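Colleague: I'm new to this one, could you walk me through it?
Modeller: Gladly, here it is.

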Amino acid sequence: MDESRNETPFRYGATLANELEERWQRTWEEAGAYRTLNPGDPGFDGGRPKFYCLDMFPYPSGAGLHVGHPLGYIATDIICRARRMQGYNVLHPMGWDAFGLPAEQYAVQTGVHPAVTTRKAIDTYRRQLKRFGFCYDWSREFATIDPQYYRWTQWIWLQCYGAWYDVEARRARPIAELEAELASGRRQADGQAWASLDAAARQAFLDRHRLAYLGEQTVNWCPKLGTVLANEEVIDGKSERGGYPVLRMPLRQWMFRITAYAERLLSDLDLVDWPDSTRTMQAEWIVRSDGAEIDFEVPGFGMLRVFTTRPDTLFGATYMVVAPEHPLVEAAIKAGGAGAAAVRDYATVSANRSDVDRQSDSKQKTGVDTGLRAVNPATGESIPVWTADYVLMGYGTGAIMAVPAHDERDFEFARTFGLAVRQVVEIPGMAFDGTGATSGHGVACNSSGKSCTIDGLDTTRAKAAIIEWLMTTGRGARRVNYKLRDWLFSRQRYWGEPFPIVYDEAGRHYPVSEGALPVLLPELADYKPIESDVPVPPLGKATAWVNTTAGEAGVDASILPPSTPVRRETNTMPGWAGSCWYYLRYCDPANGSRMLSNEAERYWLQSQRSDGSLHAGGVDLYVGGAEHAVLHLLYARFWHKVLFDLGHVGTPEPFGRLFHQGMLTAYAYQREDGSLVAVDQVEECDGAHHERGGGPVTQVIAKMSKSLRNVINPDDVIAEYGADTFRLYEMSMGPLEASKPWNTRDIAGVHRFLARAWRLAVDERTGALLLARQADPAIERLLHRTVHKVTGDIDRLAFNTAIASMIEFVNAATRPQEMKDPADGGLTHVQLERFVRLLAPFAPHAAEELWAKLGGSGLVVHAPWPIADPSMLVDDEVEIAVQVMGKVRARIMVPTKADAAEVESIALGHPDVLPHLAGKSPRKVIVVPGRMVNLVL
């Protein structure tokens, strides 16, 4: 890349770039250039505005970074550098989402403790990120595996364990307040007086209301692998990995009552500045459904409750379907009867099918008549109750009223088993002929009974009428339901945060006191899952840790005597539990007594709008991949709202503005059958590509992956071009939010721009400054416009257009090759200072070197941001078209402030216009200011 260093020792090339970059990085670190003070620190200026910018927590893998990873990091670095120069206190931290399954799997294979491999991976990531010169405040760095960090993860879990959701107040409250209201008689426990309940019943009632609670979930347990599998990991009843038998079984696990927050999680999306696509995905995950709960009497077996969004079709419910796991199925089996054996066999088979298989529309409809009958409350008819595996116990009430005339799935089921079909809605343009279901809004028909009729009502009015009737007669109630399910928080893993909870010999659970946190993860001799027919997490091996006393475990003596034998929870929290709240800890990471101080929380999170009101979200800008658009953001919002309700944070949302950077792709090669070939297995000959030892392949764009060997290490690119060039290239590739292919050949163009900018200021032979004697007015005006453009583009995260405008400016300011005296062109000292400050967020190392050569005060990273003069942004002249008889004959420059008479005079005297007038005077002159003149002859 470099030419002869003897002739041009100060030419900007890879050698010089790497030397000055590493030197300035050492200087910044020694000077603490990016250390951010907190309220209460000496020198903290709380009068300055704040800017909290956050990158999504990276999970450090052993492979290190590839060139796609820094895309968002470069973007946030640019805006943070600009904000710091604009006078903001900038909080820009970095840390590590360090718990995770890959490290545990590696430990199983090698016996190396997950902490060792994780810390090694963190060291690699940190080294690579520092080489980019990012302005992170490394004094705030932490990893989720640090005990002093997950101490507070456990503390937040205890806050949820010790809280309940007050539906009337629409917020979480301490469970102690619920207990006090029950004791005072202000509330009753399921209709019973608190004083009438024994201690066990009281505790059971409180436990059913906790935000963190023990719930029973049906899981896919693989005895051979010793782990619970996701539905997608089970194929035809066997594990995807290894093909081992998988059992479906109920398992008591810790859950979060996130459904209590469903409406707030949905409605509060209006409070934040997020991409529409992300807000839509969140909404589609939650899904609000307005409808009714209806009770169907099952004589001899109580009531069967269903939820439906179409209560107006109640008269068309001709049968019921319950999930195979529904309690009514077990009751039917116990009751015996001719079909009991078939029901039992069907329930057993269904229990070992994954939810994915059961919900597949392509599968043949299966089901069994339970022999039970329900009474349709609208018609009084006795209708059969079936069990079928397409109904899941985890959704709604685990039961549906089937209206086959107006639901395609119900219709197919009814046709398969010869069940009745009754039309109850006439839908315009969709005649019902009994050969298929018709769905949609219309007018109720065949919907009259002894005490209720809705015939002739449109769907909206029919819904309202039937709900009113259900409520009046006690047969049902208006309900809002959500697709969102409660959050399963237990994992049968080793490498995760331990739960701060213990159990006595009777299985009752007790919290570890806050003063005893953190509950440390014990050491294990090996990390292999335990093979067993029932789930036994790896922590079960740490018997000395698991079996202890209440006092040793840290349970408060007021709720359990210290000598009481207890057993610790052997499940762990999910690996990403710590990433649900890490943005809070960054505000005050060294605080040993609180999650964060009130002062730090108020300053960094409670930003104000221009009208003085508080912004809904604490983090001013959150940047990360769209792959986290649903679950990570949803769970973080849930935790934040609980902490908000309990008074620990002051904003209802965690992230005010969200931005998703696009993905960097790379070239790969595809065979005719569509399969991909690794890059190093392809040869190019005469412009065509061939697989080694195979046939022709087509060059395509694909995601970077180790298997395709198209991953590019940023270390190699930096060594060849320098970090500043790397930064500029990735930001110039296109809009930040767009996915785009990496092309190493294009880097040279950006590098040439940086070299031209360098030559504007530095003599490549001597290293001396090159400055113009006097400012060129046109260049001065262009500089102001460039400052204005770049400033606005940074605010919009439009870095590609900001770089394009700087390239345009440098091209305009570059001295012609024939210029003998450099002082006749280029930039003056003052102009160069302004341009270097403008360049600094994008190419900080080169800018810092130029700033030092210019004799700038301090570091350029702390220099004030250049300000554009508004008067320089207005053109003195404007180009307008001149038409003669409707045809454009000339384009003329006229003063911006010229009146119509002046514009007319200039147009009539223009040499390109005169020949078309042929000596005639126009009959009419139409002047459109700033746009055109039309001469009519």
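Colleague: At roughly what angle do helix 1 and helix 26 cross?
Modeller: The axes of helix 1 (residues 14-31) and helix 26 (residues 844-853) cross at roughly 80 degrees and come within 9 Å, where axes are lines fitted to C-alpha atoms, for helices over the stretch in contact, and angles run from 0 to 180 degrees between N-to-C directions. Helix 1 and helix 26 are therefore roughly perpendicular, a word used for 65 to 115 degrees, while under 35 counts as roughly parallel, over 145 as roughly antiparallel and the rest as oblique.

Colleague: And which residues make that contact?
Modeller: From helix 1 they include Trp 24 and Trp 28, and from helix 26 they include Pro 844 and His 845, with contact meaning heavy atoms within 4.5 Å. By class, this contact of helix 1 with helix 26 has 6 nonpolar, 2 polar and 4 charged residues; Ala, Val, Leu, Ile, Met, Phe, Trp, Tyr, Cys and Pro count as nonpolar, Asp, Glu, Lys and Arg as charged, and the others, Gly among them, as polar.

Colleague: How are these elements and residues numbered, and how far does the model go?
Modeller: Helices (H or I, at least four residues) and strands (E, at least two) are DSSP runs numbered from the N terminus, and residues are numbered from 1 along each chain as its sequence is written. The model is predicted, so local features need pLDDT of at least 70 and side-chain atom pairs count only at pLDDT 80 or more, whereas totals for chains, interfaces and linings use all residues; side-chain values use heavy atoms, with hydrogens and water left out.

Colleague: Moving on, how do helix 21 and helix 22 pack?
Modeller: Helix 21 (residues 723-732) packs against helix 22 (residues 747-761) at an angle of about 120 degrees, and their axes are 9 Å apart. That makes helix 21 oblique to helix 22. Among the residues that meet are Leu 728 and Tyr 729 in helix 21 and Phe 753 and Leu 754 in helix 22, and the residues of this contact divide into 6 nonpolar, 3 polar and 1 charged.

Colleague: Which residues does the cis peptide bond join?
Modeller: It joins Leu 517 and Pro 518, with omega about 5 degrees, and Pro 518 lies in the loop between strand 21 (509-511) and helix 15 (543-546).
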